[in-house]
Every structure is written in structure tokens, then in C-alpha cells.
Amino acid sequence: MAKTVNINIRIDPETKSNAEKLFSAFGITITDAINIFLHKALMEGPAF
């Protein structure tokens, strides 16, 4: 299993609730969605 780290973010409760509803319709969690976003950003962004 891959090692993971925790990232803490602050977001208003309504946004979190709406995001959970949206992503659950896709069959993914907020954690999955954030991981997808970060991986895509790294693929599209400049190489370091």
C-alpha cells in the first residue's frame, strides 16, 4: 500500500456538503476528487 500524508483544509460547511453530494453522484469521495485534481495539476503544470 502506498504511503499517504494528511492535508487539512478549512471550508464552509455548505460547500463541503454540496461537494460531497456532487462527488458521491460520480461514485467518489472528496478525498478522491482532491487527489484527481492534484494529479491532473501536476500532469498539466510545469515540471520541477
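At the start of α2, which backbone nitrogen does a side-chain oxygen of T29 reach? The backbone nitrogen of T31, to within 3.4 Å; a polar contact here is a pair of N or O atoms within 3.5 Å, one able to donate a hydrogen and the other to accept it, with residues adjacent in sequence counting only if both atoms are side-chain atoms.

A word on the ground rules. This is a predicted model, in which local features need pLDDT of at least 70 and side-chain atom pairs count only at pLDDT 80 or more, while totals for chains, interfaces and linings use all residues. Residues are numbered from 1 along each chain as its sequence is written, and side-chain values use heavy atoms, with hydrogens and water left out.

Now for the overall picture. The protein has two helices and zero strands, taken as DSSP runs (H or I, at least four residues, for helices; E, at least two, for strands) numbered from the N terminus. Its C-alpha trace spans about 35 × 25 × 20 Å along the principal axes. Of the 48 residues, 4% are buried, meaning under 20% relative accessible area with a 1.4 Å probe, protein chains only.

Back to helix α2, residues 30-44. Its end C-alpha atoms are 21 Å apart, which agrees with the 21 Å that its 15 residues should span at 1.5 Å a residue, because the expected span is 1.5 Å times one less than the number of residues.

Helix α2 also gives the most to the lining of the largest pocket, with six residues.

Technical notes:
Buried means under 20% relative accessible area, exposed over 50%, partly exposed in between (1.4 Å probe, protein chains only).
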